[in-house]
Every structure is written in C-alpha cells, then in structure tokens.
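Keep the sequence open beside it as you read.

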Amino acid sequence: MRADLNCDLGESYGAYKIGNDEEILRYVTSANIACGFHAGDPGTMRKTVSMALANATAIGAHPGLPDLPGFGRRNMNITPAEAYEMTVYQIGALAGFVKAAGGRLQHVKPHGALYNMAAKDAGLAKGIAEAVYDVDAELVLFGLSGSELIKQGEKTGLRTASEVFADRTYQDDGSLTPRSSANALITNDEDALQQAVRMVTEKTVKTVSGQEIPLQADTICIHGDGPHALSFAKSIQNALQEASVTIQPFSAGGKT
C-alpha cells in the first residue's frame with residue numbers, strides 16, 4: 001500500500017504570514033501552492049517553490065476563486081468558461097516560478113469553494129479538467145474521491161489522484177461536511193489519524209450518520225495552518241508507516 005501526503009501551502013501574502021510551510025514540507029510529499037487568487041503573492045510563490053524543491057516535495061498549483069478576503073471559501077456563481085480561464089491563469093503563474101527554479105509541476109488541486117463546487121458540478125469540473133489538460137496533459141488532477149472532478153478529469157484524459165481528508169467529516173454521498181456545520185472538522189488528532197489510516201488500508205470511511213462508504217484514497221490532505229499542524233504531520237506520517245503504508249509523491253507510484 002502507498003499514499004501521498006499533500007498540504008496546502010504558500011498561503012501567506014503581503015505582511016500576513018499563514019502556516020508553517022518550511023517545517024511542514026519535511027513531512028509531506030506533495031505541496032499545493034496558492035497562486036494569488038485566494039491567497040499567496042509572487043514573493044510567497046517563489047519562496048515556497050524553492051523550499052519545496054529543496055525538500056524534494058512534488059509541486060502542484062492550487063488555483064482558487066478570486067476572493068482574498070474570504071480565503072476562497074465562499075461560493076461564487078461562475079461559468080465553466082470562467083473556471084477554465086481562472087485555472088489556466090493560475091497554473092501559468094505558478095508554472096513560471098517552478099520553471100525558473102528548475103523544477104516541474106506534478107499536479108493541480110483546486111482550492112476551497114472552487115474545489116467543492118467542482119466536486120458536484122460536472123460543467124465546472126469539465127472546465128477545470130480541460131484547463132489542466134490544455135496547459136499540460138501530463139499534469140495530475142487532484143480531486144475529492146468519487147467526485148465529478150475525478151470523473152471529468154478521467155474523461156478528459158488526465159491522470160487523477162483521488163483525495164481524502166484526515167480531519168474532515170463525510171456525508172453519506174461522499175461529499176465533505178460543509179465548514180459551516182458544527183461537525184465539519186475532526187478536532188481530536190487520534191480520531192483523524194485513525195480515519196486516515198482506515199481510508200488508505202480499508203478504502204472506507206464512516207460518515208456523520210454512521211454509514212460505511214467506499215472510497216479511493218490516493219492522496220491524503222492535511223492542513224498546515226492549524227495550531228497543531230506540525231505535530232499532526234509528524235503523527236500521520238508515523239501512523240501510516242506503522243500500518244505498512246509507503247508514503248511517496250503520487251507521480252512516483254500512481255493509484256494504490
């Protein structure tokens with residue numbers, strides 16, 4: 001068994017510092033770097049790319065909605081064409097810094113509301129998938145396991161990585177519980193670790209209603225901006241290794 005550990009990084013901008021990117025990069029295998037719409041700025045992008053390359057961490061573009069005050073977590077009424085254009089624009093911005101540093105992009109993972117909207121909206125998912133394919137057909141599209149984003153990515157001809165979340169709860173349809181709900185986050189680290197290991201080793205997750213549903217777990221998202229983010233990153237790495245799971249970038253091994 002194998003799994004990729006990914007984290008959303010490069011979310012600082014201007015005078016604002018978010019997360020502990022330098023330390024987190026020691027424990028994850030893929031970095032999703034913000035591209036300036038929901039977070040990040042040119043200087044942060046360049047620095048985060050450099051740190052990721054120094055840690056041999058695979059790099060991905062993390063395009064979001066143009067909503068800096070809302071951190072890209074508020075839904076916007078956009079068309080598939082606009083989703084395509086936003087995605088191409090943001091991949092291009094990060095790809096420039098990656099190329100300048102002598103690296104190569106591995107993947108694209110939409111952020112926040114864009115990610116969740118595309119998980120259920122086939123039109124938006126198709127727009128994003130086509131944007132990724134048109135920029136570079138070798139890129140991997142990260143999306144919620146079982147979502148429209150994964151389905152449209154595969155239809156477009158992309159390699160896809162089905163993503164699961166260690167610290168988020170699930171609904172019976174496989175979607176994430178909205179952050180506006182009280183039980184959206186798993187705040188107990190031990191519970192989050194158990195969920196992560198189970199998703200990889202058993203390919204199931206228990207929903208908020210108590211149902212067991214199947215899922216594919218190619219890459220696990222951990223969040224790098226919480227108060228215990230660094231200790232959790234260490235713990236999840238240890239827990240997976242104890243469960244005989246090899247941790248490596250998705251591009252090194254593909255689907256489990």
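Let's start with Glu-212, which is partly exposed at a relative accessible area of 38% (buried is under 20% relative accessible area, exposed is over 50%, and partly exposed is in between, using a 1.4 Å probe and protein chains only). This is a predicted model, where local features need pLDDT of at least 70 and side-chain atom pairs count only at pLDDT 80 or more, while totals for chains, interfaces and linings use all residues. Residues are numbered from 1 along each chain as its sequence is written, and side-chain values use heavy atoms, leaving out hydrogens and water.

Glu-212 and Arg-198 join their side chains in a salt bridge of 2.8 Å, N to O (that is, a side-chain nitrogen of Lys or Arg within 4 Å of a carboxyl oxygen of Asp or Glu). This pair links distant parts of the chain, with Arg-198 in helix H7 (residues 189-201) and Glu-212 in strand S8 (residues 212-214), 14 residues apart. Helices (H or I, at least four residues) and strands (E, at least two) are DSSP runs, numbered from the N terminus. Arg-198 also meets the side chain of Glu-202 in a salt bridge, at 3.2 Å, N to O. Arg-198 counts as partly exposed at 29% relative accessibility, and so does Glu-202 at 48%.

How many salt bridges does a search of the whole structure find? The search turns up 8. One of them pairs the side chains of Lys-109 and Glu-163, at 2.7 Å, N to O. Lys-109 sits in the loop between strand S4 (105-108) and H4, and Glu-163 is in strand S6, so the pair ties together parts that are 54 residues apart in sequence. Both residues of this pair, Lys-109 and Glu-163, are buried.

## Around Thr-29

Now hop over to Thr-29, in the loop between helix H1 (21-24) and strand S2 (30-34). Thr-29 is buried, with a relative accessible area of 12%. Beyond its neighbours within four places in sequence, Thr-29 is in contact with residues including Asp-4, Thr-57 and Ile-247 (contact means heavy atoms within 4.5 Å).

Thr-29 and Ile-220 are 191 residues apart in sequence but 10 Å apart in space, C-alpha to C-alpha.

## Helix H6

Which residues of helix H6 (residues 148-156) are buried? They are Glu-148, Leu-149, Ile-150, Gln-152 and Gly-153. Their cover includes helix H4 (112-120), helix H5 (122-135), strand S5 (140-144) and strand S6 (159-165). Just after H6, Gly-157 takes a positive phi of about 105°.
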